[in-house]
Structures are given as structure tokens and as C-alpha cells.
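Please read this briefing alongside the sequence and the 3D view.

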Amino acid sequence: MVKERDDLDHVDEPGRQHARAVCGTSPDRAVDTLGRGAKNRLFATPREEDSMSWSIEGTYFETCSCELMCPCNFSFDHGATYDYCRVTLIFNIREGEIEGTDVGGRTLAVIADTPKVMTDGNWRLGMFVDDGTSDEQMQKLTGVFGGQMGGPMAGLAPLIGEVLGVERAPITVVEDGLSHSVRIGDAIDFEVEDIVPFGIETGEPARLTGVFHPVASELTAAEATRSKISAFGIEYEGKTGLSSAFSWAA
């Protein structure tokens with residue numbers, strides 16, 4: 001694993017987020033200046049003076065430390081199962097372009113440690129990009145996923161208290177039917193499986209609808225079948241999960 005210490009709302013339909021917001025801080029500058037312990041520089045509030053254009057789509061899955069199901073996924077202001085909620089979010093980008101830069105085929109992961117009630121803020125957050133990501137792609141991706149370039153992640157900016165860093169690492173994602181798994185270097189290895197309720201002969205998994213989530217307002221319920229997670233000083237056992245297609249633009 002090669003560690004990078006670069007000083008790096010609105011659902012129109014299920015699985016599609018369109019956020020029209022823009023950034024007042026150059027992504028390049030953010031990448032150059034962000035360090036471990038920096039507070040909220042990666043998750044900067046966009047300004048409307050500058051305009052930028054991007055779109056990305058692919059698949060998403062996560063696992064968190066709560067028991068089935070995570071109260072936080074129903075509402076951010078509901079307390080987690082324990083005195084914290086720790087979660088790893090996986091974004092497998094099938095295709096996309098950010099300000100002219102092709103980011104198709106890239107994979108990004110966000111790991112977060114939040115208080116029991118997420119809306120209390122002071123989230124601690126780290127990020128991985130796959131080791132095939134170029135410097136230019138990394139700058140653009142961290143701009144989007146850091147919220148600086150608008151879009152769904154910009155809505156989380158007020159909740160972020162500490163950015164723990166960004167790392168390049170080998171990331172392997174396998175998705176097969178109801179199963180979704182990821183391995184990130186030697187830090188993260190987990191699998192979640194979509195839940196098909198008893199008696200559902202179609203095999204369709206259970207879905208959550210009408211929720212506030214950066215990925216979409218409708219997601220598939222899942223549970224972890226294996227989990228080993230320890231990164232950026234955040235360690236936990238994944239138990240519950242979600243999966244979904246995603247499509248963002250700004």
C-alpha cells in the first residue's frame with residue numbers, strides 16, 4: 001500500500017442524485033494543502049461564483065457497525081446501535097467524467113467514524129482511491145467526493161470534523177448477484193449480501209425507500225457475511241449493509 005499524504009440534494013429518481021452546486025476552492029489547491037488532522041478542508045462548502053461540470057455512475061455498497069438495520073440509515077438524527085457508527089462506503093465507478101477527465105473504471109472508498117447521533121457532527125473520515133488512479137484523476141475524484149465540486153457529498157460537509165487522510169491502495173471489488181465484496185490492501189476486507197425476505201418467490205431483495213442518504217433515496221438492504229476493517233485508526237466489525245446503483249451529476 002502506498003500512502004498518499006496529498007494535501008488534498010436531491011433525488012429525481014431512485015439511484016439518481018442531481019445536485020447543482022459549485023465549488024469555491026480549487027481541487028488542485030485542496031489536494032496540495034490537506035494533511036492529517038486538517039479540519040473540513042477536504043469537505044469545503046462550494047460557492048456559486050465558479051462553475052464546473054461532472055457526472056459519474058456505477059455501483060455502491062457499504063457496511064457499518066450497527067446491528068441489522070442501522071438506525072442512522074433511516075434518519076441521521078436517530079442514535080446508532082452503539083455509542084458510535086462506523087461505516088465504509090465503496091464506490092465502483094463504471095463510467096464518468098469530471099471537468100474533462102475520464103474517471104471510468106476507478107474505485108473509491110470512504111471510511112468514517114461518527115458519534116451515536118450522526119447529526120451531532122464531528123465525523124472522522126479517511127479515503128482510499130485505487131492504485132491505478134492517476135494524479136489528475138485523484139485530484140478530480142477527491143474534489144467530488146470531498147464535496148468541493150458540489151453534488152451529494154457537499155451536503156455532508158458541515159458534519160465533518162476531521163479528515164484523516166487519503167491513500168492509494170490496491171482495491172478489488174467483486175459483485176455477483178446479491179453478493180458485494182471488497183478488499184483494500186491489508187486494511188479492509190468485507191462482503192455484504194442483499195437480503196431476500198422469506199416468502200419472496202421472485203428473489204427480489206428488500207429495499208429501503210424515502211431515506212436521506214448521499215447515494216440515493218432508495219437502497220437495497222444487506223448484511224455482512226464477513227468483515228475485517230482497520231484503517232486510519234478506525235477499526236470495527238461490519239454487520240449491516242446497503243447496496244445500490246448510483247448516478248450523480250453537478
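Asn-122 is exposed, with a relative accessible area of 57%, and in this predicted model the residue sits in the loop that links strand 6 (107-115) to strand 7 (123-130). Although Asn-122 is not a glycine, its phi is positive, at about 60°.

**A further positive phi**

- Glu-99 is likewise not a glycine, yet its phi is positive, at about 50°.
- The loop between strand 4 (84-98) and strand 5 (101-102) is where Glu-99 is found.
- Glu-99 counts as partly exposed because its relative accessibility is 34%, a value that falls between the 20% limit for buried residues and the 50% limit for exposed ones.

**Confidence in the model**

- Across the protein chain the mean pLDDT is 82, and 76% of the residues reach 70 or more.
- Over residues 1-41, however, pLDDT stays under 50, and for this stretch the model has 125 contacts beyond four places in sequence.

**The chain as a whole**

- The protein chain has 250 residues, of which 53% count as buried.
- Its accessible surface comes to about 10,600 Å², and 44% of that surface belongs to carbon and sulfur atoms.

Key: Residues numbered from 1 in each chain as written. Predicted model: local features only at pLDDT ≥ 70, side-chain atom pairs only at ≥ 80, totals over all residues. Heavy atoms only, no water. Buried < 20%, exposed > 50% of the residue type's maximum accessible area, 1.4 Å probe, protein only. Areas by Shrake-Rupley, 256 points an atom, 1.4 Å probe, with all protein chains shown as cover. pLDDT = per-residue confidence, 0-100. Contact = heavy atoms within 4.5 Å. Helix = DSSP H or I, 4+ residues; strand = E, 2+ residues; numbered from the N terminus.
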